[in-house]
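Please open the structure in a viewer and follow the stops below in order. Each stop names a selection and describes what is found there.

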Amino acid sequence: MNPGVWLLFGNAIVTTVLSAGLVIWILRKEYLPTIKKLEEEKDPAVSRIPDSLTKEV
C-alpha cells in the first residue's frame, strides 16, 4: 500500500489523540474545583470530619 496513506492515517490518529487529551486537560483544570465545591455544599457532613479522625494511628 502507499506509504503516504499510512502517513496521513497516522497523522489523523495522533491529531485526534492530542486534541482529545488537550480538551480533557482543559475541562478538568477549569471545572474540577467547581465540582469539588458543589460536592462539599451538597454533603457538608463529609467535609466537617476532623483530620485527626481520618488519619491512621
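Where in helix 1 does a kink lie, shortly before a proline? Select Y31: the kink there is about 45° and comes shortly before the proline P33. The bend at a residue is the angle between axes fitted to the seven residues ending there and the seven starting there.

This is a predicted model, in which local features need pLDDT of at least 70 and side-chain atom pairs count only at pLDDT 80 or more, while totals for chains, interfaces and linings use all residues. Residues are numbered from 1 along each chain as its sequence is written, and side-chain values use heavy atoms, with hydrogens and water left out.

Next, select the whole protein chain. It has three helices and zero strands; these are DSSP runs numbered from the N terminus (helices: H or I, at least four residues; strands: E, at least two). Colour the chain by pLDDT, the predictor's confidence in each residue, from 0 to 100. The mean is 84, and 75% of the residues reach 70 or more. Confidence is lowest in helix 2 (residues 44-47), with a mean of 58, and highest in helix 1 (residues 3-42), at 93.

Now select helix 1. Its 40 residues reach 56 Å from the first C-alpha to the last, close to the 58 Å expected at 1.5 Å a residue; the expected span is 1.5 Å times one less than the number of residues.

Finally, select W6 and F9, which both lie in helix 1, three residues apart, about one turn of the helix. Both are exposed, that is, over 50% relative accessible area with a 1.4 Å probe, protein chains only.

How values were computed. Buried means under 20% relative accessible area, exposed over 50%, partly exposed in between (1.4 Å probe, protein chains only).
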